[in-house]
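Please keep the sequence and the structure in view while reading.

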Amino acid sequence: MPGLLDPLFRGGAVDAVFTDTATLQGMLDFEAALARAEAGLGIIPLGAAAAIAAHCRADRFDLDALAHAAAKAGNTAIPLVKALTARVSAADPDASRFVHWGATSQDIMDTGLVLQIRQALPLMDKDLDTLEGYLARLAATHAGTPLAARTWMQQALPTTFGLKAAGWMAAVGRARRALATAGQDCLVLQFGGAAGTLAALGDRGLDVAAALALDLDLALPDLPWHGHRDRLVALGAALGLVAGVLGKMARDLSLLMQTEVGEAFEPAEAGKGGSSAMPHKRNPVACAVALSAATRVPPLVATLFAALPQEQERGLGGWHAEWETLPEIFRLVGGSLRVMADAMAGLEVDAVRMRTNLDLTRGLLMSESVVMALGQALGRGPAHSLVEKASRQAVAEGRGLGDVLATLPEVTAHLSPEQLAAALDPSGYLGMAPEFVARALAARESSRDA
């Protein structure tokens, strides 16, 4: 049963991968594969492997009993192996002697986690690809739609909404690639036995490891990694990057949704974004979820980093700190990705309001454009000083910048009325914005074809 807040903050496709039952099944998949690998090498009887594998189903185990036993044992693997052994023994006492043969608790838990990660990564990648697609559509549609760029939270110069969307899209693409790389590095077997030497298997340890990796379709690392957690930490960091990229997008959108701005909105839906007190409110719910994740995930990633220097061959406490942390990162990022994809799929863009807001400063937004036009004759420095002085005068007198400039001989001597009007037109000062959008879209297509 989901928690009260799970549908709000989580609810992504990866949630099903990190349930208690799924965690248990990952460990049982390891045990079944271990038995098959050892039987195939003649280390344990073939019949024992079949008997063990037949009982490796999570739905046959009492999760509550395992949880209470783990509180005393120190991890979930110990009571699970005992419970599995008991089940196998009830059906085939001889086979039960070979359960968990040559392995240790960390082997089963780490490899079980890796199997969960392998399930989660394609789900995350699919959602990221979907989000990229929505952003690409927005970028293409609004490549030339002008709006005010804001720097230091103030109107700066004209840009286009397409360029803003292309920036979001490109960042998602980079984060997606970082996640794919870090995730691929994690898809390795953990199998080292009690102290990372596989001594219990004599001279067959590496043979078993290779067969086990093949059975589970995991890469065989050069050596066990019980005390070396860098792969998982890098994965957590990549997930943190995704959370931050989504948070940036949410921050921008929430600011665009402000009443005084009103340029873009999360899609409207019955019961979404309302207020218990104010019927008129349209709150940015998806943005709130994504910003919450962007706030919560970095400390969780920091936990993974803090747990990285583990003691000797097997860690105490640091390893334990990972167990809930990495799955929670996955779930929070998955929830953020879910809501932002939904928001961008139906984003409401008010191009008229964007154009209206460009005129809020009555031409001040175009001061750089005028400087560049005048600079051809006066030089940039003198032109800047002249327009700066005119801007202060316009503010002080409550007039438009164009009105003030049109009265100055220093301006009219070099710019005709038509040239001054052109310099004050936001749609004529978009620079390379449309071209940048085209480049970003082309780069995305190129990466998809690669």
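The points below treat helix packing, a strand pair and contacts of rings. The model is predicted, and every value given here was computed from it. Helix α7, which spans residues 105-141, packs with helix α12, residues 318-345, and α7 also packs with helix α10, residues 230-256. Helix α12 in turn packs with helix α11, which covers residues 285-306.

**Helix α7 and helix α12**

- The axes of α7 and α12 are 10 Å apart and form an angle of about 15°.
- The two helices α7 and α12 are therefore roughly parallel, because angles under 35 degrees count as such.
- Where α7 and α12 cross, the crossing is left-handed.
- Sorted by class, the residues in the contact of α7 with α12 are 21 nonpolar, three polar and three charged.

**Helix α7 and helix α10**

- Between α7 and α10 the packing angle is about 25°, and their axes lie 13 Å apart.
- This angle makes α7 roughly parallel to α10.
- The crossing of α7 with α10 is left-handed.

**Helix α11 and helix α12**

- Helix α11 packs with α12 at an angle of about 155°, and the distance between their axes is 9 Å.
- Helices α11 and α12 are therefore roughly antiparallel, because angles over 145 degrees count as such.
- The crossing of α11 and α12 is left-handed.
- The contact of α11 with α12 contains 16 nonpolar residues, four polar residues and three charged residues.

**The strand pair**

- Strand β1 comprises residues 146-151 and strand β2 comprises residues 154-160; the two pair in the antiparallel sense over five bridges.
- In this pairing, P146 stands opposite T160, a residue of β2.
- Strands β1 and β2 form a hairpin, and two residues lie between them.
- Within the turn of this hairpin, W152 has a positive phi of about 55°.

**Contacts of rings**

- The model contains five aromatic pairs, counted with ring centres within 6.5 Å of each other.
- A charged group also meets a ring: the charged end of R87 sits over the ring of F61.
- The distance from the charged end of R87 to the centre of the F61 ring is 5.2 Å.

Terms used: Residues numbered from 1 in each chain as written. Predicted model: local features only at pLDDT ≥ 70, side-chain atom pairs only at ≥ 80, totals over all residues. Heavy atoms only, no water. Axes fitted to C-alpha atoms, helices over the stretch in contact; angles between N-to-C directions. Helix = DSSP H or I, 4+ residues; strand = E, 2+ residues; numbered from the N terminus. Parallel < 35°, antiparallel > 145°, perpendicular 65-115°, else oblique. Left-handed = near helix turned anticlockwise from the far one by under 90°. Nonpolar A, V, L, I, M, F, W, Y, C, P; charged D, E, K, R; others polar. Phe/Tyr/Trp six-rings, centres within 6.5 Å; stacked < 30°, edge-to-face > 60°. Lys NZ or Arg CZ within 6 Å of the ring centre and 35° of its normal. Pairing = 2+ DSSP bridges.
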